[in-house]
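This report covers selected helices, a hairpin, the domains and the chain contacts of one model. Please keep the structure open while reading.

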Amino acid sequence: MEKYLWAIPLLPLLGAGINGFGALTGALSRRAVNIIACTVVGIAFVLACLVNWELAQQAGHGGAPQLVSTWFEWIAAGSFSVDAALLVDPLAGVMLLVVTGVGFLIHVYSTGYMAHDPAYARYFAFINLFTFAMLLLVMGENLVLMFVGWEGVGLCSYLLIGFWFTDTEKAYAGKKAFVVNRVGDFGFLLGLFVLYWGLKEQGIDATLSIVGLREIVGANAISGAVITTVCLLLFVGATGKSAQIPLYVWLPDAMAGPTPVSALIHAATMVTAGVYMISRLSFLYLQSPLAMTVVACVGAATALYAATIGLTQFDIKKVLAYSTVSQLGYMFLAVGLGAFSAGIFHLVTHAFFKACLFLGSGAVIHAMGGEQDIRRMGGLRAKIPYTYWTFLLATIAIAGVFGTSGFMSKDEILAAALAANPDYTLVPGWLLYSIGTLGALLTTFYMFRLVFLTFFGDFRGGKDLEHHVHESPWSMVVPLIVLAALSIVGGLMNVPEILHGDERLHHWLSGAAPSVARVDVVGHGAEIGLMVALQVLILGTIALAYRMYLKSPAIPQRAAKVLGGVPYRLSYHKYYVDEIYDTLIVRPLHSISRVFLWGNVDVKIVDGSINGMARVVRYASDLLGRLQTGQLNGYAFSIVVGMVAILAYVAVK
Amino acid sequence: MVSTSHLLILSAVLFALGMAGVVIRRNVIIVMMCIELMLNAVNVSFVAFARQLGSIDGHIIVFFVMAVAAAEAGVGLALVIAMFRHKSTVNLDHVNLMKG
Amino acid sequence: MDAFEPIRYNILSIVTFLPLLGAIVVFSAPAKAARVVAFLFSLATFAVSLVLWFRFDPQVAGMQFLARYYWIDDFGITYSVGIDGISLLLVLLTTFMTPIVILGSFTAIQDKIRAYMGLMLLLETGMLGAFVALDIFLFYVFWEAMLVPMYIIIGVWGGPRRVYAAVKFFLFTIAGSLLMLVAILVLYFEYHDTVGAGTYSAYLLDLYQVGLTPKLQVWMFVAFALAFAIKVPMFPLHTWLPDAHVEAPTGGSVILAAILLKMGTYGFVRFALPLFPWAAVELAPTIRTLAVIGIVYGALVAMVQPDVKKLVAYSSVSHLGFVMLGLFAFNVQGIEGSVYQMLSHGLSTGGLFLLVGVIYERRHTRLISEFGGLAKVMPGFAFVFMIVTLSSIGLPGLNGFVGEFLILLGSFGAAPAFTAVAATGVILGAVYMLWMFRRVMFGPVDNPANRGLRDLTRREMWVLAPVVVMIVVMGLLPKPFLSRMEPAVKDLVTTIQRESGHAGIAGRQADGPALVAQEPHSNR
Amino acid sequence: MFEQTMFYLFAIVSVIAALFVVAGKNPISCAIALIVTLGALAGVFVLQEAHFVATIQVLVYAGAIMVLFVFVIMLLNLGPEDLEKTPRFSRLKGAGGIFAAAGAALLAWNFVSYAARAARVGPGFGGLAQISQKLFTEYIIPFEAISAVLMAAVVGAVVIAKREL
């Protein structure tokens with residue numbers, strides 16, 4: 001089976017190559033590009049299932065299931081060596097399924113969505129390239145290879161966000177995404193170095209391979225301080241890639257890319273890379289409770305913070321973007337608590353319903369002829385029924401209504417928060433739990449606000465647009481339906497044992513990423529009580545949203561005024577974070593380098609000094625010139641003076 | 001008996017006079033004459049040492065010095081004539097083509 | 001005794017002087033044929049140098065293909081040539097880039113073609129000579145010989161301010177090399193008095209045996225370092241580079257960026273470090289500070305350049321700052337990374353200049369504001385430009401990443417603080433390159449002049465194809481390159497570690513660096 | 001004793017004449033003063049047993065060269081030179097004079113203590129036989145060289161002075 005492992009990433013690469021060639025030379029027809037792109041990812045998906053099946057067999061015979069396939073030695077410099085190798089264990093297996101599965105559905109969807117886009121082949125080339133890079137990241141056997149995939153996905157998101165590059169705004173968003181990702185990668189890189197040299201101090205020549213690291217850390221040979229710095233630096237990389245508090249600014253702007261891109265990259269796969277990396281290195285993070293607490297707190301903070309911004313956005317994709325940031329916050333919260341399987345479980349379910357929501361919004365935008373502002377939508381329920389129903393189901397899932405996949409995963413995280421293990425999380429569990437629940441309620445509110453404003457009430461989009469609205473073609477609707485079904489049914493994967501489920505995913509992942517033992521503070525009965533209470537609150541919020549946005553639309557304006565407008569304006573303008581970053585970092589950097597560095601240092605000081613020397617030499621030579629007066633007796637006189645001087649010297653000596 | 005020091009003092013005085021003339025005077029001809037004077041001063045000291053050392057070489061050197069002086073005077077005067085034709089003056093101050 | 005044996009000892013001389021022969025032929029050939037003849041000669045040189053690559057034995061440390069002949073015998077100056085892993089790769093870079101540059105300037109140069117092509121070949125001989133020379137005077141001769149053709153190329157075929165730039169370039173390098181000459185002489189006589197026991201020798205491997213007092217060693221190192229730092233260029237001495245690049249013709253600035261800058265770093269690796277290891281370790285902090293300043297300063301200034309070529313020039317300052325940082329990490333990863341970065345910088349910056357040359361030939365301007373939306377007008381060009389830009393940013397999978405990663409890894413061990421700051425250079429690199437890329441390639445085609453631009457012609461395709469292929473190959477398969485330079489780098493590291501251990505006064509032990517691989521063929 | 005007084009006589013005459021040469025207004029008077037100096041020096045040479053040199057001095061130097069000078073002065077009929085015309089003149093004159101005097105003093109001071117004994121000298125010393133014997137054996141090369149110099153001078157003078165060839 002190891003032989004086929006390399007086929008999984010290489011197939012999309014092959015697809016990207018062919019489509020890329022097609023894009024350059026225009027040789028391939030739309031149909032050909034279409035087939036290549038989708039079949040390539042489809043086969044990858046099938047192979048992924050086979051791999052998981054193989055892992056299941058291995059697990060069956062006991063022992064930690066793992067498939068490793070080394071192809072060649074990539075870099076070898078002295079004692080440091082990196083080989084191009086792939087590692088698939090249950091954790092990677094799950095991610096594989098998500099990336100190829102959801103990826104395949106989105107590929108099919110994009111054939112419809114991008115149907116009349118001139119750069120059709122280039123789009124699919126980039127999407128395939130992205131799948132290759134993501135698979136490399138997931139299956140990379142050592143941290144360097146993971147880093148290659150890490151930057152590869154950053155590159156593809158840059159290419160795809162700025163896909164319609166003729167619009168400078170979109171191109172700028174692409175660049176912003178890449179640069180912010182690069183800041184994160186800077187942290188990741190430093191983390192690698194600290195780890196490598198930390199091990200070197202202990203006399204271990206590690207090749208940064210995950211399997212190797214696991215043994216070394218197992219033999220707890222590394223000092224605590226090194227591990228904490230490594231974990232925090234790697235977490236900086238994760239915040240860059242998965243858009244957490246400090247480095248999330250690029251994700252909302254990334255909505256400038258085509259919607260399937262947002263669905264694939266900025267909802268399902270790339271942004272989850274950070275969560276995957278931390279659970280992949282769970283053995284490292286478990287060594288440093290401080291790092292884990294930082295991850296948990298940042299996760300919780302982001303969850304709440306992004307949800308507040310989501311409340312007031314009017315662009316359908318922006319709302320979903322902030323909701324993604326918030327849901328990622330939940331995943332990091334889970335992983336920070338040590339509940340790695342809960343984090344991954346939420347990652348999977350989030351991939352389903354968020355991809356469905358994004359594709360749904362894509363269908364809406366498609367239907368509305370490119371219109372993205374929900375204030376000009378409304379009453380689309382009748383016009384695009386399929387989109388409406390899939391969108392509604394996904395919204396119910398994300399809200400965490402009982403029985404849906406969202407409920408299963410989010411509740412799992414909240415339970416983990418409640419039962420936080422004190423020696424792994426230094427922050428009180430109930431605080432994280434309350435932040436989580438508040439976030440969940442906010443999520444419910446803004447999601448249903450979105451649904452009511454878009455699909456209910458009367459159409460606010462102007463007469464001619466009204467009869468233009470039409471249902472999307474089958475190629476777009478089918479993936480929507482599949483995803484909607486998955487987001488409802490997906491929860492069965494890991495039914496918590498409170499509801500006497502068998503937690504299959506949890507056990508499946510226990511080998512690769514063992515979770516932290518939970519400390520039951522509240523007791524069984526109270527837990528169920530809290531769960532029920534949360535459900536009631538959720539239903540209440542749905543009703544509140546219904547009343548505010550449908551029954552009497554005046555309420556939102558009045559509420560905004562009542563709240564004094566400040567929190568509203570703050571939230572609407574996303575706490576002016578972009579402007580702060582701009583004034584604090586970007587603009588000063590430009591002015592410093594323009595005025596100070598180039599203007600003064602380079603031109604004036606360095607160049608000035610050299611040209612100055614040239615001027616001094618010219619002036620000196622001019623001065624000497626004047627001595628040659630041309631008067632003969634002047635010269636004779638200087639001879640006489642010279643002679644007298646010598647004589648005097650001879651006389652004196 | 002006339003000792004060599006007398007002669008050397010005479011030569012020094014003559015040499016100094018010639019040098020002063022060269023520096024002070026404006027007229028090229030006078031300057032050339034002063035040069036001749038300086039050459040003669042040198043001849044005196046040559047002869048003095050020849051006499052004192054009793055070797056004939058001093059006289060031969062004087063002979064050569066005179067030959068050179070003659071050549072120098074010839075060419076110098078030719079230059080003066082050429083200068084005069086061109087600048088119609090012999091005054092050194094007006095001739096500063098070699099200005100830096 | 002296969003066919004290679006007879007020329008084993010003369011192959012280096014053949015490689016070095018073939019371009020010279022080519023130059024002579026080109027000068028005498030009719031103008032029309034000059035281009036083709038020059039291209040064929042440079043291709044022939046490349047072919048011969050490929051033989052070097054395959055015949056090179058990666059396991060053996062020390063100089064290979066060694067050949068020594070009498071030159072000025074009573075001063076002990078010999079014509080000795082030989083290469084180890086590092087100079088092999090740089091020789092190949094030179095012979096690889098020159099045909100590309102010659103082919104690239106077929107249309108760019110219209111007047112005095114014979115002179116241009118001849119000078120380019122002369123330049124190649126100068127560079128190759130410098131890389132293979134093992135006699136310190138021979139090296140100095142080639143070091144100076146290189147300047148003249150470059151000076152003329154910039155001075156004659158350059159842009160508006162070419163004379164100023166050419167003179168500045170020339171004076172900067174000469175000033176440095178004069179200081180180096182003094183140091184060479186001191187070393188030469190020091191050898192005579194100590195190890196040489198009365199005999200003179202300018203043979204590098206003998207000079208490696210000379211033990212110098214710490215104070216003297218520092219001064220000598222500073223002299224050599226200054227000459228090479230100007231060439232690298234390092235921070236305070238870099239202002240000649242932007243002028244020289246902006247004013248040089250496309251071919252000139254490609255060669256200048258791809259190979260001439262490597263002369264400085266090669267000088268450090270071949271001369272400054274092995275000859276004065278103790279001083280190198282002693283002065284490492286200052287050099288590292290300059291390198292880091294160079295990285296960050298180069299990147300920041302590159303961000304605000306209105307002219308593409310100046311931007312790329314300042315980016316070279318930044319990239320070579322990385323190389324210097326790697327060199328002064330004194331461990332195998334750092335030095336191998338810096339040698340690798342030398343190669344990949346040659347390819348990526350050389351490629352960038354070729355691309356800038358392409359658009360300069362069409363629009364005769366280099367101001368970024370003049371362009372916009374070229375990706376729509378010239379898709380092929382955009383694709384190549386994208387790949388080369390990504391390689392210059394150091395995207396994994398392309399050649400830039402391998403070098404930069406190894407450098408940062410190596411120097412992190414030696415100086416964590418410096419490396420952390422230097423690593424921000426990676427971010428800044430992305431910022432200014434992508435910023436330039438966006439303004440030149442993306443956005444609407446608002447400038448009417450840009451609409452009708454032709455995409456890459458077949459010839460331009462042939463010029464850029466090898467560069468792009470090598471960028472990808474060196475990104476995916478660095479092993480053959482790294483393994484070839486491994487013994488030489490290991491040797492250098494052991495010399496430095498051993499020598500910097502004690503004050504180096506006692507002179508080298510008998511064995512000294514095992515730099516002489518097999519018995520040199522010489523009629524000495 | 002006779003020799004002593006004759007030497008002083010000649011010396012004083014030559015110094016005074018030299019003064020006239022330097023300070024003389026009219027070029028002709030300077031020329032004549034120079035001739036007088038040369039004559040006086042010829043006398044001194046005779047006292048020093050340098051008979052051949054003395055005759056040459058009178059014949060060549062006073063006779064030929066000074067005639068050349070007089071001839072040129074006549075050719076250019078130079079009037080007396082007014083010394084005080086150029087302002088710069090006074091400063092240069094003063095400085096020149098002082099330095100010349102200082103030079104003379106220094107030289108004289110050096111030589112005054114130079115009381116060396118005069119060597120015994122044979123009868124034919126300074127005569128034509130001895131000089132010519134030496135001239136054509138030891139000094140043959142300089143002799144040929146000096147003839148070349150004279151030839152060059154003649155050609156040079158003609159080229160420079162003649163209006164057109």
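## Helix 9 of chain C

Helix 9 of chain C has 18 residues (residues 214–231), which at 1.5 Å a residue should span 26 Å; its end C-alpha atoms are 26 Å apart, so the two values agree. The expected span is 1.5 Å times one less than the number of residues. Helices (H or I, at least four residues) and strands (E, at least two) are DSSP runs, numbered from the N terminus. This is a predicted model, in which local features need pLDDT of at least 70 and side-chain atom pairs count only at pLDDT 80 or more, while totals for chains, interfaces and linings use all residues. Residues are numbered from 1 along each chain as its sequence is written, and chains are lettered from A and ligands numbered from 1 in the order in which they are written.

The buried residues of helix 9 of chain C include C:Q217, C:M220, C:F221, C:F224, C:F228 and C:K231. A residue is buried if 20 or more other C-beta atoms lie within 10 Å of its own, exposed if 12 or fewer, and partly exposed in between, with C-beta atoms placed from the backbone. The buried residues of helix 9 pack against helix 7 (162–193), helix 11 (250–275) and helix 12 (277–303) of chain C. Two residues are in contact if their C-beta atoms, placed from the backbone, lie within 7 Å.

## A hairpin in chain C

Strand 1 (residues 64–72) and strand 2 (residues 77–83) of chain C pair in the antiparallel sense over 6 bridges; pairing requires that DSSP finds at least two bridges between the strands. The two strands form a hairpin with 4 residues between them, and C:G76 in the turn has a positive phi of about 70°. C:I72 stands opposite C:I77 of strand 2.

## Chain A and its helix 27

Chain A contains 27 helices and 2 strands, and its C-alpha trace spans about 120 × 70 × 60 Å along its principal axes. Of its 653 residues, 55% count as buried. Among contacts in chain A with a separation of 6 or more, 79% are between residues 24 or more positions apart. Chain A is divided into domain 1 (164–565) and domain 2 (576–652), with bounds from an automatic or database domain assignment. The domain centres, taken over C-alpha atoms, are separated by 64 Å.

Helix 27 of chain A (residues 632–652) has 21 residues and should span 30 Å at 1.5 Å a residue, which agrees with the 30 Å between its end C-alpha atoms. Its buried residues are A:N633, A:A636 and A:V640. They cover an arc of only 50° around the axis, so they lie on the same side of helix 27; the arc is that of the directions from the helix axis to the C-beta atoms. An α-helix has 3.6 residues a turn, so residues three or four places apart point the same way. The face of helix 27 turned away from its buried side carries exposed residues, including A:S638, A:G642 and A:Y649.

## Chain contacts

Which chains have the most contacts among the 4 pairs that touch? Chains B and D do. Their counterparts without contact include chains B and C, whose nearest C-alpha atoms are 27 Å apart, and chains C and D, whose closest C-alpha atoms lie 38 Å apart.
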